[in-house]
Amino acid sequence: MNNKSPSILIVDDNPFNREMLGDILKNKGCTVEKANNGKEALEKISSASYSIIIMDMLMPGLDGFETTQQIRKMGLKTPVIAHTSMSMKKDRRRCMEAGCNEFLPKPINTKDLMTLINKYAQSDNSEPQPEPTQKQPVSHDAPSFNGLHVLLIEEDQGVRQQYITVLQEMGFKVTFVPNGNEALNRLEEVPKQFDLIVSNMFTSGIDGLGVLNTTKREYPQILVFIYAAKFDPETLQLMLQLGADGIIPQSDFENSIGNIIHVAVSQSKHKHSRLSQANTAFQVRKSQARLTQFGCSKPCPFIDMAFSTLHDAGGDMAQCRHFNRSGMCGVVLADVSGHDILSSYISAVFLGILSSVWNANQKPKSLLKIINSELLKMEEVNYHVCTTVILWDQKRSHLEIATAGNPGPVFVVQNDGQLSFDLFDGGGICLGLLDRDDMYTYQQVDLPQNSQLFLFSDGMSPKKLQSTIKQNKPCLQDEAKARKPCRPLLDAYMDNWSQDDDMILLSLKSTLEGVAESAQYSFQSDYKEVDKACKWITQQISKYMPNLDMDMMMLSIREALLNAVEHGNNYNVDALVELTLNFLPTGIQINISDQGSGFNLKEKLLESQKESGFQIGKRGLKIIQAFADKIEINGGTTSLFFNMDTSK
Amino acid sequence: MKTYKTDSTFFLLPETDLVASQMEEIRDYFMKELRENENLDIVTLDATGIEIVDSLGVNLIIGLYRHVSTESKKFNVINAGDKFMKVANFFRFSTLFDIQKAPSGE
């Protein structure tokens, strides 16, 4: 090992791994720093230099891949050793593509570890920031910046003049403006004039972050570099996620800017045509807006969603679907790793797979399994997708939830004006990583009356959401606001906590609102079973309303059950008919679900009316309609309503 | 279920609800009995014991009426309880054939 003690940064979310690795390295004479996650790692890297970084690749939030990519974007060449349990060839390749130098599989082999440490310690290139640039504008090895036009944004006249001199000495043509507003005006006037923007993070009006955000959206061909005396980690990460091409410490501006711009310009040259990329990015942005498609054509009062995107590409997706045959609903919340064009491509692929397999794989774990196997077939594209899948039986207000890498939901119950919370387990292995289907979380949840479940992607924290809900109780308790609580809650969340990733918030409300009592029954599609079901229904109603004359009501219900057996399930004895009996303040509702795709109520009623009085009518609708106060058909679910005062 | 007859009338007595689960058996039995007793002029459905009539039951009653009518015979119902009458009134059976309520109103 080198005489100089190598400084190692260990990045791992698992404290046991962190400590164990730290102890090994300390015993071997290394100086060790530790970071719990990618964000903390970037914070440390921005303020200190390390000989080597040992990076766990699978971490919640900013994972090892993204963290390494961002380190490279910062212009740092510090060796990164990918330390991961993913051991397939393609995993190794993916680590290298993210910018890692070496691959060290878990569990750790001390000998291999020290071989790598010695290798990089001997060629220690720890860099407070990238190697100092020579004072002369262009050294023999340094790139030529001749002909590149920089727009410098700096308010302080003295600093501005100093930086203009530095940049001009490096061969840049320099135009300056004092703040972001003027910079954006200038870009609008002559968008193709500039190749780079170098901006102070803090200027009056639109600051460096605003300039960066707008430039990357409107003029993606322009490279953007931001400098400041000090960056807080949240801002640093946000800048990188918004696509900053380089972050420059102001204390070392003169020495570091050359190398940082050089790295960014070199990388940009590898990308064949920046103009073509800009066009593609524009198309991606348009497509991205379509990735979140929510709700059925008929408004559903039990679900709400809001989202806030931070990136042009990749990010979060949410979809829901009503399954006609089972009468249930499916909800999928997914977050594709990365925020580039390829991640948008993966989003589209994901949605394609989802569309084609969802109906046949409604059970959450089954759906995760099949999507995972399809994603793994794409060997050349190594992205992963954190996913939550829900199968929602609205009739019973029952949910089956499986997560693959996403946080668990937050469960909220209202009782006498008080809110109580329960944070559910999340996690599991993301889709597209491993050929394993036993590493997802799964749980079943009943949503009782006055309760709801909040789902979200890893851009949000369960505890912060809980705190936000507590501070904004009216969003859940005020009748008007409670119908759509997600937008105000998400806005409040962003006011309280900074946004460093895409955010998506879903709320699933109990479907038992206003139901005094509910009972369920299911039976096989057989006429004798219809008799038993009618007996059960009669008993249930008699318990609740002992004096009710229910002869004609039962006739109507019986016809609906026969309809389910004969038409919905086509006499298939193995197919179940499911009943839910709800006692509402205004009467009785019975939902009857079969495996059929439903029918057009209006059309069948019209056909029935044309028949003579002695005919039964299509699907027994004459009888059903005669004695039920309302009929609703929703896919394979027929709902009958009988008005009465159940409070008596 | 059973049948009985007088000089000119053939009585059908299901003694059970006219519902889907019973229908195949009732229909087969009554049709067989009707074929074997073609010489009688009146066919009467004795509704004693019938409480529930579903759509298949309605179809059976209408089917019996049509079958009997095509042979120029008379069809009627006797001993109809209240529940039976509700269905009979809804489908306006009385415009097709005579219905006699059960004496006790059962």
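Strands β15(A) and β16(A) (residues 398-404) of chain A run antiparallel and are joined by six bridges (two strands pair if DSSP finds at least two bridges between them; strands are DSSP runs of E, at least two residues, and helices runs of H or I, at least four, numbered from the N terminus). This is a predicted model, in which local features need pLDDT of at least 70, side-chain atom pairs count only at pLDDT 80 or more, and totals for chains, interfaces and linings use all residues. Residues are numbered from 1 along each chain as its sequence is written, while chains are lettered from A and ligands numbered from 1 in the order in which they are written. The predictor assigns the complex an ipTM of 0.89 and a pTM of 0.49.

**Strand β15(A) and its partners**

- Strand β15 (residues 385-393) of chain A has eight of its nine residues buried, so it is largely enclosed by the rest of the structure (buried: 20 or more other C-beta atoms within 10 Å of the residue's own; exposed: 12 or fewer; partly exposed: in between; C-beta atoms are placed from the backbone).
- β15(A) also pairs with strand β14 (residues 329-336) of chain A, in the antiparallel sense and over eight bridges; here A:Val332 stands opposite A:Val389 of β15(A).
- Towards β16(A), the bridge partner of A:Trp392 is A:Leu399.
- β15(A) and β16(A) form a hairpin with four residues between them, and A:Ser397 in the turn has a positive phi of about 55°.

**Antiparallel five-strand sheet of chain A**

- Five strands of chain A make an open sheet with antiparallel pairing, in the order β22-β23-β24-β26-β25.
- At the edges stand β22 (517-524) and β25 (630-634) of chain A, each with a single partner strand, so one side of each is left without a neighbour in the sheet.
- From one strand to the next, the twist averages 15°.
- Eight bridges in the antiparallel sense pair β22(A) with strand β23 (residues 576-584) of chain A, and A:Ala519 has A:Leu581 of β23(A) as its bridge partner.
- Across β22, β23 and β24 (587-593) of chain A lies helix α18 (residues 527-544) of chain A, running at about 170° to β22(A) (axes are lines fitted to C-alpha atoms, for helices over the stretch in contact, with angles from 0 to 180 degrees between N-to-C directions).

**Parallel five-strand sheet of chain A**

- Another open sheet of five strands in chain A has parallel pairing and the order β7-β6-β8-β9-β10.
- Its edge strands, β7 (173-177) and β10 (246-249) of chain A, each pair on one side only.
- The twist in this sheet averages 20° from one strand to the next.
- Strand β6 (residues 149-153) of chain A pairs with strand β8 (residues 196-200) of chain A in the parallel sense, over four bridges; in β8(A), A:Leu196 is the bridge partner of A:Val150.
- Helix α7 (residues 180-189) of chain A lies across β6, β7 and β8 of chain A and runs at about 150° to β6(A).

**Helix α14(A)**

- Helix α14 (residues 462-471) of chain A has A:Leu465, A:Thr468 and A:Ile469 as its buried residues.
- Seen down the axis of α14(A), these residues fall within an arc of 100°, so they line one face of the helix (the arc is that of the directions from the helix axis to the C-beta atoms).
- A:Lys463 and A:Lys470 are exposed on the other side of α14(A).
- Packed against the buried residues of α14(A) are β17 (410-415), β18 (418-423), β20 (451-456), α15 (474-477) and α17 (486-496) of chain A.

**Chain totals**

- Chain A holds 21 helices and 26 strands, and 44% of its 648 residues are buried.
- In chain A, 69% of the contacts between residues at least 6 apart in sequence join residues at least 24 apart (contact: C-beta atoms, placed from the backbone, within 7 Å).
- Chain B has three helices and five strands, arranged from the N terminus on as β-β-α-β-α-β-α-β.
- Of the 106 residues in chain B, 33% are buried; among its contacts between residues at least 6 apart in sequence, 64% join residues at least 24 apart.
- The average pLDDT of chain B is 91, and 97% of the residues score at least 70 (pLDDT is the predictor's confidence in each residue, from 0 to 100).

**Contact between chains A and B**

- Chain B puts 15 residues into the contact and chain A 16 residues.
- On the side of chain B that touches chain A, α1 (20-36), α2 (55-70) and α3 (82-90) of chain B each supply at least two residues.
- That side of chain B has eight nonpolar, three polar and four charged residues (nonpolar: Ala, Val, Leu, Ile, Met, Phe, Trp, Tyr, Cys and Pro; charged: Asp, Glu, Lys and Arg; polar: the others, Gly among them).

Notes: Two residues are in contact if their C-beta atoms, placed from the backbone, lie within 7 Å.
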